[in-house]
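Work through the exercises below with the structure open. Try each task before reading its solution.

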Amino acid sequence: MTVTEPVEDPAVTAAEEPDRRPEAKPKDNRAWLLVLPVVVCVTFTALIPLMTVVNYSVQDIFSPSDRIFVGLEWFRSVTRDPEVRGAFLRTLMFSAQVLLIEIPLGVAIAVAMPRRGWTVSAALVVVALPLLIPWNVVGTIWQIFARGDIGLGGWAINQVPGVDFNYTLDSTDAWITVLVMDVWHWTPLVALLAYAALRSIPEPYFQAAQIDGASAWATFRRIQLPRLRGVLTIAILLRFMDSFMIYTEPFVVTGGGPGNATSFLSVLLSKIAVGQFDLGPAGAFSLLYFLIVQIVSYVFFTVLTRSGR
Amino acid sequence: MALTLDGVRVRRRGEVWLDGIDLELPSGMTTLLGPMTAGKTTLMRVAAGLLPPDSGRVVVNGQDVTGVSVRKRSVAFVYQQFVNYPSLTVHENIASPLRLDRSFPQQHVDRRVREVAELMGIAELLERRPAELSGGQQQRTAIARALARPVDLLLLDEPLANLDFKLREQLRSDLKSMFRQSPGLVLYATSDPAEALAFAAPAVVLGEGRVLDTGEVAALYAHPPTLAVAAALSDPPLNLLPGTVREGRVEVLGASFPAPRAHASGRDVVLAVRPHHVSIDPAGDGALEFPAEVRLAEVTGSATFVHLLLPGGRHLVAQLDGPRAFTPGDRATAYVDPAHAFLFDESGGRLLAESAAEVDLHG
């Protein structure tokens, strides 16, 4: 091997110019080596799979050896598909309802939770319990719980005169079941986040409000709510992304039915991709889905953090 | 306006926070002096009605208010932390107790807010929010909030402790003149003896949940009746040297001086001396001399604190004027004038004699 030209070593260059930056440490690009493992990891776990999806989305695949480039054809057909549009609106509606219920309810639970004493641990355990249950188990629990014949919840509701609750036949009942399940499963997350923020408020603030004679509502609005802004931003983002991508629970409980009443975007996507094995449309669908979540999250984040200024 | 605490006891988690407090406070300002965990904050919270005592009574103007909620009392509280409503402007913060007080004429709120803000020197900041203020301005806002509404009982719990030195000095003199005009009772808690001395108000010295003594601060400083009071009134901390009375003389670590009064021979005593009365330059006649080794010297600018090691492993801190240079390991002689030292009983801490000579007020 021969050295063709002297490699410029930044360390040497820096050392040769001592008067420009006398205290400067020798510079080189070795820090990039430290980033390399992450780059490799992300490439293998995220970038390559994503590019595979991109690859699918622009081809019509009959068999692994027989594929045709179709350009943006799948994107066009997916965005025009009434089934996809219906699922999109349904998912959007679901996320909106989830946020409208879980955020205020979670904050209310956090405010009502005890601030000190042994009841703190007890309350934390009770509130956190739903979070510890695997998602498909949550689905199974509710699938049975909400049944009119053998489920306690469904049976209890049917005892009310004039009510005929059956989530496998009635689309409103199915919607309510999935919504209540999500509220039951994820409100604790909002409550715990809010509780952590509320706990960080020093006791004198509450005493000062008490001395002023402020009402409980005024205390909440003037002292507690301003402290919650940061965690609520995170809670809203998390709950939006999660509910917008909800899959396991409705899949287990209703399978997207009855009809397509609880067929959310993810349920429909898995039907197209895994059920019908239409990889082209499924790829285009996935990318659009991914983009929507990104954009909505970005908008949420920008609006929420800017209003704090 | 008079506040009486009658046998107030507070116990929490197996610890005694207040151990039978009997106090009678007249209107005007009273300083509550004591080290951390002495029970100052607890006492104030009991007086305000924020904390119900386990036993004992709180009496205001002859009326028992022990069980009365703080909402129904005429109380204002300033905390060591700067407590303001974060989402309200300074103006709204100062106005909030007035707006919630139904007896206050609402059309005068704005005028009163401006008046108090002027007094506290924050008139230009009324439209800002607490987060946009410096620490000193935040605390001024909190104090203005407390002063806005005329109250029977104004409580201040170390309000200047979190401020830097210059602001503290300035705000303290502002407060001093303000309290003079205050019609009600002002209770001011501090752990800093210099602050208590600066206010020159009647003081209550607290220690471990008990009232150690009451009286004028300067008098307590000059003639502390017990070791605990002397310690509470000494910052930097007192130097304590063990001694014994023997044949009319007090022997301390090999040195001795004539006992101020006749005491039984063999009695153990403690000689307490404030650091600025320890010298390493030859002092006048009668000063006790101790051979010492310099361990550490801290220069603060106006003074140098020299930590000395005496024979027998005893430590002594000397406060010397101005910056002085020392090297750890230097040999020195420490001079302690018994005329400026206090002599306490070894067990009970009771004062045996103020000093050999009469103590002057400046210490």
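**Exercise 1. Domains**

Find how far apart the C-alpha centres of domain 1 of chain A and domain 2 of chain A lie.

*Solution.* 
- Start with the bounds. In this predicted model, the domain assignment of chain A places domain 1 at 10-57 and domain 2 at 81-307.
- Now take the C-alpha centres of the two domains of chain A. They are 40 Å apart.
- Next, look for contacts. Four residues of domain 1 of chain A touch six residues of domain 2 of chain A.
- Sort the domain 1 side by class. Three residues there are nonpolar, one is polar and none is charged.

**Exercise 2. Confidence**

Work out what average pLDDT chain A has, and where in chain A the pLDDT is below 50.

*Solution.* 
- Take the whole chain. The average pLDDT of chain A is 84, and 91% of the residues score at least 70.
- Residues 1-18 of chain A have a pLDDT below 50.
- Check what that stretch touches. Leaving aside near neighbours in sequence, residues 1-18 of chain A have 10 contacts in the model.

**Exercise 3. The side of chain A that touches chain B**

Determine which helix supplies the largest share of the side of chain A that touches chain B.

*Solution.* 
- Count both sides. Chain A brings 13 residues into contact with 17 residues of chain B.
- List helices of chain A with at least two residues on this side. Helix H9 (203-212) and helix H10 (216-244) each qualify.
- Pick the top contributor. H9(A) gives the largest share, seven residues.
- Finish with the classes. Chain A's side has eight nonpolar, three polar and two charged residues.

Notes: Residues numbered from 1 in each chain as written. Chains lettered and ligands numbered in written order. Predicted model: local features only at pLDDT ≥ 70, side-chain atom pairs only at ≥ 80, totals over all residues. pLDDT = per-residue confidence, 0-100. Contact = placed C-beta atoms within 7 Å. Domains from an automatic or database assignment. Nonpolar A, V, L, I, M, F, W, Y, C, P; charged D, E, K, R; others polar. Helix = DSSP H or I, 4+ residues; strand = E, 2+ residues; numbered from the N terminus.
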